[in-house]
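Here is a short briefing on one protein and its ligand. Keep the sequence and the 3D view open as you read.

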Amino acid sequence: MRLETRLVQAGNRQDPRTGAVVMPIHHATTFAHPALGESTGFDYARLANPTRQVLEETIAVLEGGRRGFAFASGMAAIACVAQLLEPGQHVVISHDLYGGTFRLFHQILPRLGVTATFVDTGDLDAVKGALRPETKALFVETPTNPTMQISDIAACAEIARRHGAWTIVDNTFMTPYGQRPLELGADIVVHSATKYLGGHNDVLAGLVVVKDDELAERIHYYQNSLGAVLGPQDSWLLVRGMKTLAVRMERHEHNARRVAEWLTRQPMVSRVYYPGLEHHPRRAVHERQASGYGGMVSFELARPEWVGPVLGGVRLITFAESLGGVESLITYPATQTHHEIPREIRDAVGVNDRLVRLSVGLEHVEDILTDLEAAFAAARRAEG
Ligand SMILES: *Cc1c(COP(=O)(O)O)cnc(C)c1O
């Protein structure tokens with residue numbers, strides 16, 4: 001079956017007793033044992049919950065992995081994966097990436113003896129140069145949040161494999177509808193399902209998918225031991241959102257392409273980041289490993305004084321953090337999502353005080369453009 005079909009059918013007829021087309025929400029935290037030493041497969045809800053299990057099976061199939069795991073947030077998912085690392089081990093990681101992931105690898109994990117080197121993982125020589133004998137994982141975000149840098153997943157996975165290290169890919173921006181890292185050689189995929197998978201700005205969740213049984217056993221052990229599992233209600237909401245992922249991604253991309261092209265024609269905009277634009281430096285790599293370009297567009301205003309009036313001037317688009325929902329959001333990474341990253345590093349990767357990130361929603365694209373146009377005009381007027 002194709003991905004679109006699997007998405008739509010997720011959770012259908014999971015309850016043999018009733019034949020419910022929509023999966024039930026099992027709030028039970030504990031399950032009766034048929035007899036001593038026997039189990040229905042469900043004992044205590046931290047270990048497994050029937051509603052969460054449907055979600056976990058669905059994401060595993062979508063990503064082409066062995067097993068999936070659902071967490072209370074994307075950061076809980078990534079933090080659980082980080083448990084695979086021992087004190088003294090080292091990680092090579094994309095230098096432009098989600099601020100929370102940066103904080104975890106830059107501030108939290110070093111306290112536990114796990115260190116990280118941040119490099120442009122799109123530059124394979126830089127990746128090779130950063131490897132150390134104790135390097136145990138390569139963590140790649142592609143396209144990156146927020147400057148849409150592209151890394152070659154297959155080439156990175158090959159470098160890591162030869163070194164005896166795992167490749168972990170944050171697939172939040174593309175989703176399995178657009179990109180399947182495990183099929184390209186990665187070992188572990190992580191998601192902030194809060195974004196496109198949920199898709200409606202109404203559920204905080206994280207997912208992990210692994211390719212092999214041994215890793216699956218270990219992740220399940222850490223998931224249960226640390227306990228940051230996703231609750232049944234949120235698991236249900238996530239499956240509900242995922243059913244429409246394919247149609248949403250198509251429209252997100254359609255709108256985002258129009259917005260990106262429009263932005264390239266604006267004199268107030270000095271730079272546009274979108275993997276689908278002709279000038280994107282690693283567009284060919286992206287096209288080889290993904291289908292579509294996603295719904296995220298970042299751009300740099302020519303002057304920092306315009307940022308405030310533009311963010312304050314939008315009416316339809318909401319000035320807020322997060323991304324991937326049906327409603328368009330505009331974000332200022334320097335003080336919001338990427339505030340944790342020191343200024344020198346931010347400047348080096350382009351997350352400067354003129355950069356604005358747009359999560360292009362599913363409104364009519366002409367209305368989105370009209371809103372941006374009015375905000376730009378307001379910024380020019382503010383200048384006097
Ligand atoms: C939002 C995000 C995260 C963190 O996920 P939460 O659900 O907010 O914990 C991780 N990676 C990327 C790329 C994100 O956009």
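Ala, Val, Leu, Ile, Met, Phe, Trp, Tyr, Cys and Pro count as nonpolar, Asp, Glu, Lys and Arg as charged, and the others, Gly among them, as polar. By that scheme, the shell around the ligand holds five nonpolar, six polar and three charged residues. Note that this is a predicted model.

**The ligand and its surroundings**

- The ligand sits in the largest pocket.
- There are 14 residues around the ligand. Those that come nearest are Met 75, Asp 170, Ser 192, Thr 194 and Lys 195.
- Asp 170 places a polar side-chain atom 2.7 Å from a nitrogen atom of the ligand.
- Thr 194 also has a polar side-chain atom by the ligand, 2.7 Å from an oxygen atom.
- Gly 74 takes part through its backbone: a polar atom there is 2.9 Å from an oxygen atom of the ligand.
- Taken alone, the ligand exposes 380 Å². The protein buries 94% of that area.

**Ala 193 in its loop**

- Ala 193 belongs to the loop that runs between strand E6 (188–192) and strand E7 (206–210).
- Is Ala 193 buried or exposed? Ala 193 has a relative accessible area of 0%, so Ala 193 is buried. The cut-off for buried is under 20%.
- Ala 193 and Val 208 are 15 residues apart in sequence. In space, their C-alpha atoms are 9.8 Å apart.

**The loop between E4 and H6**

- This loop links strand E4 (135–141) and helix H6 (153–163), and Pro 143 is found in it.
- The peptide bond from Thr 142 to Pro 143 is cis, with omega near -10°.
- Pro 146 lies in the loop between E4 and H6 as well. A cis peptide bond joins Asn 145 to Pro 146, with omega about 10°.
- Met 148 is also placed between E4 and H6. Its phi is positive, near 55°, and Met 148 is not a glycine.
- Met 148 has 2% relative accessibility, so Met 148 counts as buried.

**Thr 175 in helix H7**

- Where is Thr 175 placed? Thr 175 is in helix H7, which covers residues 175–178.
- Thr 175 is buried, because its relative accessible area is 0%.

Technical notes: Residues numbered from 1 in each chain as written. Predicted model: local features only at pLDDT ≥ 70, side-chain atom pairs only at ≥ 80, totals over all residues. Heavy atoms only, no water. Near = heavy atom within 4 Å. Polar contact = N/O pair within 3.5 Å; in protein donor to acceptor, adjacent residues only side chain to side chain. Areas by Shrake-Rupley, 256 points an atom, 1.4 Å probe, with all protein chains shown as cover. 1 Å grid on protein atoms, 1.4 Å probe; cavity = no way out; pocket = protein on both sides within 12 Å on 5 of 7 lines; lining within 4 Å. Sits in = over half its atoms within 2 Å of the grid points. Helix = DSSP H or I, 4+ residues; strand = E, 2+ residues; numbered from the N terminus. Buried < 20%, exposed > 50% of the residue type's maximum accessible area, 1.4 Å probe, protein only.
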